[in-house]
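Welcome! Take a look at the structure first, then read on.

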Amino acid sequence: MKRLAAIIVFALFTSSVVFAQVDELQLARQFTTNGELQKALDIYQKLYKQDNEAYFPFYVNGLLGLKKFDEAESVAKKMLRKHPADFKYSIALGRVYTQKGDIDKANAVYDDLVKNLPADAGEIANLATQFYQAENTDYAVKIFLQGRKLLNNDKLYTFELIGLYRFKRDKAGLIEEYLNFLPENPAFITQAENTLSAMFDGSADYDLLKTAVLRRIQKDPQQTIYVDLLTWQYLQQKDYDQALNQSLALSRRQNDDGNSIFDLCQTLVSDQAYDTAIRGYEYVIAKGKDQPLYIPAKIELINTKNLLVTSGKYTQADLIGLEKDYTDLLNEFGKTSSTVFAMQRLAKLQAFKLHKLADAQKLLEEAINIPDIKPNMQASCKLDLGDIYLMNNEPWEATLLYQQVETGYPNTNISQEAKFRDAKLAYYTGDFAWAKGQLDILKAATSQLIANDALNLSLLISDNLQADTSGGALKMYARADLHIFAEQPEKAIMTLDSIGIKYPDNALSDDILMAKARILIQQKNFTDAIVPLKKIVEEHPFNLWADDAVFMLGDLYENKLNNKEQAKVYYQKVITDYAGSLWINEARKRFRILRGDKQVGDS
C-alpha cells in the first residue's frame, strides 16, 4: 500500500513538472515573439539543464538568436560527444559554424556526415530530412544522391529530390530528375509538365529543357516519352510547326493510327495555330479511308479551314471554297448522325456568310430529322434553324423552335440559351415588354455570358423606354441589331445612322457606338473598332456599355493588336473603375497573367 502511494505521488510530481515545463516553454516562445530574446533564453537554459535531451534545440536556437556562438558551439560539441551517432547534433554544430561565419568548418562537419553515411535507406532519408528541417537543402540533396550511390540504386528518393529541387528552384536538377524518372513512369508526364511550367519563368528555361531532352533523345531515340516532352516544350514556346514535326516523326517511326497527331491538332486549333493543325489533319487523312480517324479528321480539317478563313479577312472565293469542302464531305459520307456536325457548320456558313438562307434552312431541317442524332446536337441544330427562320422573317416558326428546346431541356445551359434567343427575337420584333420580362429572369442564369448579355439588353430596353415611351428609336436600333446578327453590316450602318435623323433627341448615342464597334470587329477591322470603344469610355464613362467597352479594349489590344501594355492598362481600369462589373474577375485574371504573376497552385 505504501509502495502504491509512493508511485502515485511520484506520478503526480512528474506530471506537475511536465505541465510546468510546457507552460514555461509557451512563455519562452511568447518572449521570442515579443523580441525579448534574453528572457526566452533564460527559460530555455533552465529547461535544458533540467532535461538536456528534449530542450537542446530550443536552447541552441536561443543562443544563436543572441549571437552567443561560443556557448552554442560548446553545448553542441558536448551533446555530440555524448551521442556521436546522432545526426542532429552534427547538423546543429554545422549551423553554429554557419551563423558564426565559419563556412569551411560547417562544410567539413557536413561532408563528414556524407562521407560516413550508413548504407541504410531509412537512415539516409532520416538524415536528409534533418538537413531539410535545418533549412539546408543543398546537403539534403547531397545526402540523397550519395545514398543512391551507396545503395547502387538510381531510382531511390525520386519524389524527395523533386520536392527539394522545386523548393530550391533548381530548374536544371528538376529537369534531370524528371528525365530519369519518366521513362519508367510515363503516367506522371502531366504532373511533370505542370510542375515545370509553374517553375519556369521564360524562354531561357524552356531552352534549358529542350537542350536536356534533345541530349536524351540522342542517347535513347526509341524512348517516346522524351519526344512527348519535347513536343510539349515546343507548344509552350508557341513553336507549333516544330511541335507537329516532332510528333509526325514519332508517328511515322511507330506507324501508328495517327491518334496522337489528331489529339495534338485539337490543341493546335485551340491555340489558333490553324495552318499547322491543317497539316496534321491532312497527315491523318492520308493514312487511308480504312483508318478509324479518317472521317473525324476529314470533318475537323474542314472545321479548321472554316476557323482559318473566318478568323481573318476573307474573300467570297474563300467562302465558296469552304462550302465546296463541306458539300464534298457530305457527298462522300452521306448525311448521317456522324456527319450532322458538318451539316450544322455548312448551314451556318451558308446563312451568315453566304446569305443562302433557303439552302441553310433546308439543310438544318434535314439534320434535325436524322435518325440516331444525339439529343444535344439536335437541340443545337433547332436553335440554329430558329435563327434562320428569324432572319427569313418567320418569327413565329423561330419562337416555336426556341420554346421546344427550352421546355425539352429544363435547367440546362442550352435551355437558357433557347430562352435568351426567344427573348432577343421579341426584342428584334419590338415586343419590348415581353422581352424584358424574359431577360430579367435570365439575369440569374448559370451561364455568366448569358446573364451578362441578358442584363445589358434588359437595361438597354428600360433605359431607352424611359427616355422615349413610344420606343420608336429603340425599334430602329433593334432592327440594326438584327442586321448585325445576320452579318449584314451595310444595312446595319445605314439604320444606325438614320436613328439620329429621325429621332434627334434619342438616348442611344453610346449604344450606337457599341453597335458600330461590334460591326467593325465582325469585319476584322480591329484597329478601327478601337475608336468607338474609346469614345464610349471617354464620353459615357458611367453608361451601360462603359465597362464592356473597357474590357473589349483590353481584349483587342491583347489578342488582336498584340499590345500587351495597353491591354494591361484597360484590364486594370476595369478593376479600379468598375468594381461591380461582371468582367472584373476575368479582367483581374488576365491582368495578372500579363503582369507575369504565377497562377494559383504555382510554386
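To compare two helices, a line called an axis is fitted to the C-alpha atoms of each over the stretch in contact, and the angle between their N-to-C directions runs from 0 to 180 degrees. Keep in mind that this is a predicted model.

**Helices H17 and H19**

- The axes of H17 and H19 come within 10 Å and cross at roughly 25°.
- Angles under 35 degrees count as roughly parallel, so H17 and H19 are roughly parallel to each other.
- H17 and H19 cross in a left-handed way.
- On the H17 side, the contact uses Ile-299, Asn-303, Asn-306 and Thr-310, while H19 brings Phe-341, Arg-345 and Lys-353.
- Sorted by class, the residues where H17 meets H19 are two nonpolar, three polar and two charged.

**Helices H27 and H28**

- H27 covers residues 489–502 and H28 covers residues 509–522; their axes come within 11 Å and cross at roughly 165°.
- Angles over 145 degrees count as roughly antiparallel, so that is how H27 and H28 run relative to each other.
- The crossing of H27 and H28 is left-handed.
- From H27, the residues in contact are Pro-489, Ala-492, Ile-493, Leu-496, Asp-497 and Ile-499, and they meet Ile-512, Ala-515, Lys-516 and Ile-519 of H28.
- Eight residues of this H27–H28 contact are nonpolar, none are polar and two are charged.

**The largest pocket**

- The largest pocket has a volume of about 2,000 Å³.
- It is lined by 46 residues, and those closest to its centre are Leu-449, Asp-453, Phe-485, Arg-518 and Gln-522.
- Several helices each supply at least two lining residues of this pocket, among them H17, H19 and H28 from the pairs above.
- Which helix gives the most to the lining of the largest pocket? That is H25, with seven residues.
- The pocket lining has 22 nonpolar, seven polar and 17 charged residues.

**The largest cavity**

- How many cavities of 30 Å³ or more does a search of the whole structure find? There is one.
- The largest cavity has a volume of about 40 Å³.
- Its lining consists of Asn-464, Ala-467, Asp-468, Gly-471, Ala-473, Leu-474, Asn-506 and Ala-507.
- H25 and H26 are the elements that give two or more residues to this cavity lining.
- Four residues of the cavity lining are nonpolar, three are polar and one is charged.

Note on methods: Residues numbered from 1 in each chain as written. Predicted model: local features only at pLDDT ≥ 70, side-chain atom pairs only at ≥ 80, totals over all residues. Heavy atoms only, no water. Helix = DSSP H or I, 4+ residues; strand = E, 2+ residues; numbered from the N terminus. Parallel < 35°, antiparallel > 145°, perpendicular 65-115°, else oblique. Left-handed = near helix turned anticlockwise from the far one by under 90°. Contact = heavy atoms within 4.5 Å. Nonpolar A, V, L, I, M, F, W, Y, C, P; charged D, E, K, R; others polar. 1 Å grid on protein atoms, 1.4 Å probe; cavity = no way out; pocket = protein on both sides within 12 Å on 5 of 7 lines; lining within 4 Å. Points joined across faces, edges and corners; volume = space filled by probe spheres on them.
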